[in-house]
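Here are my notes on the model you sent. Please read them with the structure open beside you.

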Amino acid sequence: MILFLAQLLDITVNNGTLSKDCKKAVAVSIHKGGNRSSAKNYMPISLTSVVCKSMEHVIAECLQQMWEDSDWLYEGQHGFRKGFSCESQIITVCQDISNALDESTRLDAIIIDFSIAFDLVPHDRLLKKMADSGVDLRVVVWIGEFLGGRCQRVRVGTHYSEEGRVVSGVPQESVLGPLLFLAYVNDISRNIESKIRLFADDCIVYRKILNPKDVEILQADLNRLWEWADENEMKINPNKSQALSFTRAWAKVQLNYSLGANQSPKLTVVNIWE
């Protein structure tokens, strides 16, 4: 069986083709919380070919190894990487907050909410970023074939919808999907002076505030992040994003950060004292 799968992968990589069965998925919805009658409160999960997943494992292992060896992946990305986790992201951020408080310094942070990020990834732009990272052209073509021409049905209970074409995004429950998403957002820190930490699309941008200039720099970084999202066809939801200020000071901090067209994220001041 393993030999058969190895031969099949070799053929598909060299020919740049995949069978239609590898491009079919059944989408089921997982309730995230809130009103069960609202479609926005459900997360789609794609059930895909087991044979294709076996080939994906090999491709994913090669890609991850190459990117880790070349230090291509952004150091602040903690999602879907060996030695990194949601916990490592939280620990890193909390340590930076603790250091700022120990220095009696204020730290401002913006938690960024990306809307349906995995579903919005444009395939052509993703493939270009992968090619620019040094990935073998045959693998880039294979991934283009893996993403292109996909179709899916939605299952609710025992009922299925008609098949529909998938023209963008990466399958969230595929083996390759999360890694491809990391490659797509890898340049998110471009021109950002403040610290930015991620777990896949969970994003927080923060900076120590020593003087008014630091507030200006953090706001400029938010503007650049908004521009990056627009350029890369990602959507930031200002209404679900949050601004926080961590400080030991008793005086109330006025936060005036904005995202996009003067839309201010919800503001919170966290006062910490002994």
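1. Overall build. The chain has eight helices and 12 strands. Helices are DSSP runs of H or I with at least four residues, strands are runs of E with at least two, and both are numbered from the N terminus. The C-alpha atoms fill a box of roughly 65 × 45 × 35 Å along the principal axes. Of the 274 residues, 44% count as buried. Buried means under 20% relative accessible area, exposed over 50%, and partly exposed in between, with a 1.4 Å probe and protein chains only.

2. Ground rules. This is a predicted model, where local features need pLDDT of at least 70, side-chain atom pairs count only at pLDDT 80 or more, and totals for chains, interfaces and linings use all residues. Residues are numbered from 1 along each chain as its sequence is written, and side-chain values use heavy atoms, with hydrogens and water left out.

3. Strand 9. Start with residues 202-209, which make up strand 9. Six of its eight residues are buried. Strand 3 (residues 106-112) pairs with strand 9 in the antiparallel sense over seven bridges; two strands pair if DSSP finds at least two bridges between them. I112 has C203 of strand 9 as its bridge partner. Strand 8 (residues 195-199) also pairs with strand 9, antiparallel, over five bridges. Here K195 stands opposite Y206. The hairpin of strands 8 and 9 has two residues between the strands, and A200 takes a positive phi near 60° there.

4. Helix 6. Which residues of helix 6 are buried? In this helix (residues 137-147) they are V139, V140, W142, I143, F146 and L147. They lie on the same side of helix 6 because they cover an arc of only 160° around the axis, taken from the directions from the helix axis to the C-beta atoms. D136 caps the N-terminal end: one of its side-chain oxygens lies 2.8 Å from the backbone nitrogen of R138. Just after the helix, G149 takes a positive phi of about 70°.

5. Largest pocket. Its volume is about 1000 Å³. On a 1 Å grid over the protein atoms alone, a pocket is an open set of points with protein on both sides within 12 Å along at least five of seven lines; a cavity is a set where a 1.4 Å probe fits but cannot get out; lining residues have an atom within 4 Å of a point. Grid points are joined across faces, edges and corners, and a volume is the space filled by probe spheres set on the points. The pocket is lined by 39 residues, with M43, P44, I116, D119 and Q172 nearest its centre. Strand 2 gives the most, five residues. The lining divides into 19 nonpolar, 11 polar and nine charged residues. Ala, Val, Leu, Ile, Met, Phe, Trp, Tyr, Cys and Pro count as nonpolar, Asp, Glu, Lys and Arg as charged, and the others, Gly among them, as polar.

6. Cavity. The count is one cavity of 30 Å³ or more. The largest cavity has a volume of about 40 Å³. Its lining includes F114, F181, W228 and M234. A200 and D201 line it too. The lining has nine nonpolar residues, no polar and one charged.

7. N232. This residue sits in the loop between helix 8 (212-231) and strand 10 (235-236). N232 is buried, with a relative accessible area of 1%.

Methods
A polar contact is a pair of N or O atoms within 3.5 Å; within protein, one must be able to donate a hydrogen and the other to accept it, and residues adjacent in sequence count only if both atoms are side-chain atoms.
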